[in-house]
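Student: Could you take me closely through one part of this model, namely its salt bridges, and describe the surroundings of the residues that form them?

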Amino acid sequence: MKVQIPRRVAAAVLNSLAAGVVPRTGQEYIAIGRTKEIAALLSDLETVEDGGSAFRMITGRYGSGKSFLLQLLRSHALERGFAVADCDLSPERRLAGAKGQGLATYRELMRNLSCRAAPDGGALPVILSRWIASVQLDCARREGLSPSDPKLAQLTELAITDAISGFSGLVHGFDFAAAVGAFYRGLRDGDEELKNNALRWLRGEFPNKTEAKRALPVSSVITDETWYDFLKLMSSLMAVTGQKGLLIIIDEAVNLYKIVQTVAREANYEKLLNIFNDATQGRLSHMAFFFGGTPQLVEDTRRGLYSYEALRSRLRANRFAGDGVQDFAGPVLTLAPLTPEELLALLKRIVALHALRYDWTPPVSDEQLAAFVSDIASRMGADVLLTPREVVRDFTGLLNLLQQNPEESFESIAGTLEIRPADRTENGETGEFAEFTL
């Protein structure tokens, strides 16, 4: 590999691959294939940057690379100056719920809100503080004032008030603007309690209106019913503060499919429909939603999104697509298995990363890798069932054994390796015939 990679990044990537999880950083060093899918997602970023919106549902079997693609998108968006909030859905985090599940999703998104200056989450105070500092600097330059001039604070507050005044015309916008103003006053006066209360309110952490009113000049709090409205306000705030847009990345959407109660499941599908309609009809600005889920989540006509007629008519595939031809402009991106050539290129990159991480030369030739991939690809059902996760996890483990046992050879260890599809049912549980449907 010709690109220089920090050893700590190589270690983080290898540790993640060995554990069968998606690395949080360094995905670009092992990104192989998915050229058209990546081009489609980058096109969405351009739309958001221009003030538009986007919606994508990325589907694929367990381990096919959905989460990897979403994390790659996240890293690229941060580098381009977007704000990104991501989370995984779970039984405790949904799009709608009567027991705080929707609010829990909002709180997790805000906890993971990231920007270029704060790529690991918790970016809201960083974004607000930097924006306020830039507004103050602009006012000082325009009026020729010194930082200690009392007039500067007054001009800065007027500029900030003017910038957030547009929020008042939106649903819950008045309270949202009041919280942002409170953050500024807390920052200006050194009032840490006021500043932290404003952040708590913006992150949806106040339990009730009474407690919020005691701390801030607001009359509402973020709830299960209103969290999506506040997410749209947060998008407007990101645009005002100089971010190119706000991307919402929600993985493990299959948890919506797992909801047993029909009423609760359809309430979540209704919320998803609202998001889809807003994103595709131009009601959102500088905002995009990206979901990751399984084919069953989308296509199951009994419990999946196709069971909800309004979503089925919107998400169904292009009727002219098929036989290897996919419409990459549609709302659903279905990930096809990696080709043997792409898998070979991926394993070569992992070998290079392993060599860098442990400062050694792995005893693996290109011919051995080619034979290894050929053997995997020739197994029955590998073209459909075998996913990159299983191959990469086991191959990384193989390299670890070679590095720790120099007396062994690639053939002696690879000959004992049995790589097989993960046994996962459509509900995410183990099962012998998990990937087969009748």
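Tutor: The side chains of R200 and E211 form a salt bridge, with 3.4 Å from N to O, where the term stands for a side-chain nitrogen of Lys or Arg within 4 Å of a carboxyl oxygen of Asp or Glu. This pair links distant parts of the chain, since R200 lies in helix α8 and E211, 11 residues apart from it, in helix α9 (residues 209–215); helices here are DSSP runs of H or I with at least four residues, numbered from the N terminus. This is a predicted model, in which local features need pLDDT of at least 70 and side-chain atom pairs count only at pLDDT 80 or more, while totals for chains, interfaces and linings use all residues. Residues are numbered from 1 along each chain as its sequence is written, and side-chain values use heavy atoms, with hydrogens and water left out.

R200 is partly exposed at 24% relative accessibility, and E211 is likewise partly exposed at 26%, on a scale where buried means under 20% relative accessible area, exposed over 50% and partly exposed in between (1.4 Å probe, protein chains only).

Helix α8 (residues 192–202) also holds K195 and E192, which are 3 residues apart and therefore separated by about one helical turn; their side chains meet in a salt bridge at 3.3 Å, N to O. Of these two, K195 is buried at 14% relative accessibility, whereas E192 is partly exposed at 43%.

A further salt bridge joins D189 and R188 at 2.8 Å, N to O, with D189 exposed at 51% and R188 partly exposed at 35%. In total, the structure has 17 salt bridges.

Definitions and conventions
Helices (H or I, at least four residues) and strands (E, at least two) are DSSP runs, numbered from the N terminus.
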